[in-house]
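This briefing goes with the sequence and model shown below. It takes up confidence, overall form and a few individual residues in turn.

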Amino acid sequence: MGVHDEVSLLTPCNMGNFHLSHRIVLGPLTRSRSYGNTPQPHAILYYSQRATNGGLLISEATGVSNTAQGYPNTPGIWSKEQMEAWKPIVKAVHDKGGVFFCQIWHVGRVSTYDYQPNGEAPISSTDRVIQVPPQTELDVTVESYSPPRRLTTIEIPQVVNDFRLAARNAIEAGFDGVEIHGGHGYLLEQFMKESANDRTDKYGGGLENRCRFPLEVVEAVVDEIGGDRVGMRLTPFEDFLDCYESDPEALGLHMVQSLNKFGILYCHMIEPRMSMAEERRQIPHRLRNMREAFNGTFIAAGGYDRDEGNKCVREGYTDLVSYGRLFLANPDLPRRFQLKAQLNKYDRLTFYTSDPVVGYTDYPFLEDCNESMNQV
């Protein structure tokens, strides 16, 4: 491959039936500005600011039911009202030529009685409470998590159905597809990982049993909207929210090989936590086996900057790179990468405030350079 043919973050690619003009993805970012669990008009500006012609955006995590909540002001898509509220947001992204997927989740035991209907116990794979303290940045209202209630075997199909209906609602709202959240210590990962799964039924024990419920969700969603509209996020290496696995590589490989059977569009996986070495961030790059085993489009995330993203795409380590904090603070991130421009610094203190503007839609764009973003 000649130097002019080298693949970079700005090289177009096909993701199934979607033609992407670049490989820079807006990752799913909880922003806590959906009052009453309903998306708000200010999200129209937020997402459209970050939309480009042929660019992939993944929405903030969106609840599949009224039991799915664990943080303040996070959106849902289980009701008609929520679905209707998403429609103008999705339209604004499509009007700029963007591709928009809705990340659907259930937090499971990462919740409290206050977030649950009728003050009930959060549902989970287990009745063991999370032992780590709450994330104070994300949820200043919670001092500790409430003890969860173990789902019975006969209840699990109802939760599977909640994901299926949420996926249907997302498509009806205009989204191009859904990303099933299977990571970060939330409900699906509570079943997957041994630290949070102490079950003795068909959903507990060995790796195959622990992955059964998440894969039932995938199957139901694929049956509802088609595998060409489905992605999944996985974090086998994370030890987030008291959820960890002794052999994360085996878990990751089992899941991607199983996902191949359903023909899903993409797998979105998070690198192990970065280490500091030689006075710079060192990304472990331990996803290669999963990337090589997966048949669809592969998206990597985990603290990448421009140069690291270009390197991993060029070397075939991943197809696309997902950016979170950098994209949050730089609504025109693809353009800044194209021009090698200086980046805005993000303000961590305003990540999860409920203000509809501050820390949300007030990050500045580069001055107009008479170049259309459509050329990215």
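Of the 376 residues in the protein, 58% are buried. The model is predicted, and its pLDDT averages 93. Eleven helices and 15 strands make up the secondary structure.

**Confidence**

- A pLDDT of at least 70 is reached by 91% of the residues.
- Residues 275-279 have a pLDDT below 50, and this stretch makes five contacts in the model beyond near neighbours in sequence.
- Residues 368-373 also fall below 50 in pLDDT; for this stretch the model shows ten contacts beyond near neighbours in sequence.

**Overall form**

- The protein has eleven helices and 15 strands, and its radius of gyration is 20 Å, close to the 21 Å that the globule rule gives for 376 residues, so the protein is as compact as a globular protein of that length.
- Taken along the principal axes, the box filled by the C-alpha atoms is roughly 60 × 45 × 40 Å.
- Of the contacts between residues at least 6 apart in sequence, 73% join residues at least 24 apart.

**Surface and charge**

- The accessible surface is about 15,200 Å², and carbon and sulfur atoms account for 48% of this surface.

- Most residues other than glycine have a negative phi.
- Leu-241 is not a glycine, yet its phi is positive, at about 55°.
- Leu-241 sits in the loop that runs between β10 (230-234) and α7 (248-260).
- The relative accessible area of Leu-241 is 5%, under the 20% cut-off, so Leu-241 is buried.
- Asp-242, likewise a residue other than glycine, has a positive phi near 65°.
- Asp-242 is placed in the loop between β10 and α7.
- With a relative accessible area of 17%, Asp-242 is also buried.

**Ile-89 in helix α2**

- Helix α2 spans residues 80-95 and contains Ile-89.
- Ile-89 has a relative accessible area of 0% and is therefore buried.
- Not counting residues up to four places away in sequence, Ile-89 touches Pro-39, Gln-40, Ala-43, Ile-44, Tyr-47 and Phe-100.
- Between Ile-89 and Gln-40 the C-alpha to C-alpha distance is 8.7 Å, with 49 residues separating the two in sequence.

**Asn-161 in helix α3**

- Asn-161 belongs to helix α3, which covers residues 156-172.
- The relative accessibility of Asn-161 is 24%; this residue therefore counts as partly exposed.
- Glu-216 lies 55 residues from Asn-161 along the chain, and their C-alpha atoms are 9.6 Å apart.

**Phe-294 between α8 and β14**

- The loop between α8 (288-293) and β14 (297-301) holds Phe-294.
- Phe-294 counts as buried, at 5% relative accessibility.
- Leaving aside neighbours within four places in sequence, the contacts of Phe-294 are Val-256, Leu-259, Asn-260, Ile-264, Leu-265, Tyr-266 and Cys-267.
- From Phe-294 to Val-256 the distance is 5.5 Å, C-alpha to C-alpha, across 38 residues of sequence.

Definitions and conventions. Residues numbered from 1 in each chain as written. Predicted model: local features only at pLDDT ≥ 70, side-chain atom pairs only at ≥ 80, totals over all residues. Heavy atoms only, no water. pLDDT = per-residue confidence, 0-100. Contact = heavy atoms within 4.5 Å. Helix = DSSP H or I, 4+ residues; strand = E, 2+ residues; numbered from the N terminus. Rg over C-alpha atoms; globule rule 2.2 N^0.38 Å. Buried < 20%, exposed > 50% of the residue type's maximum accessible area, 1.4 Å probe, protein only. Areas by Shrake-Rupley, 256 points an atom, 1.4 Å probe, with all protein chains shown as cover.
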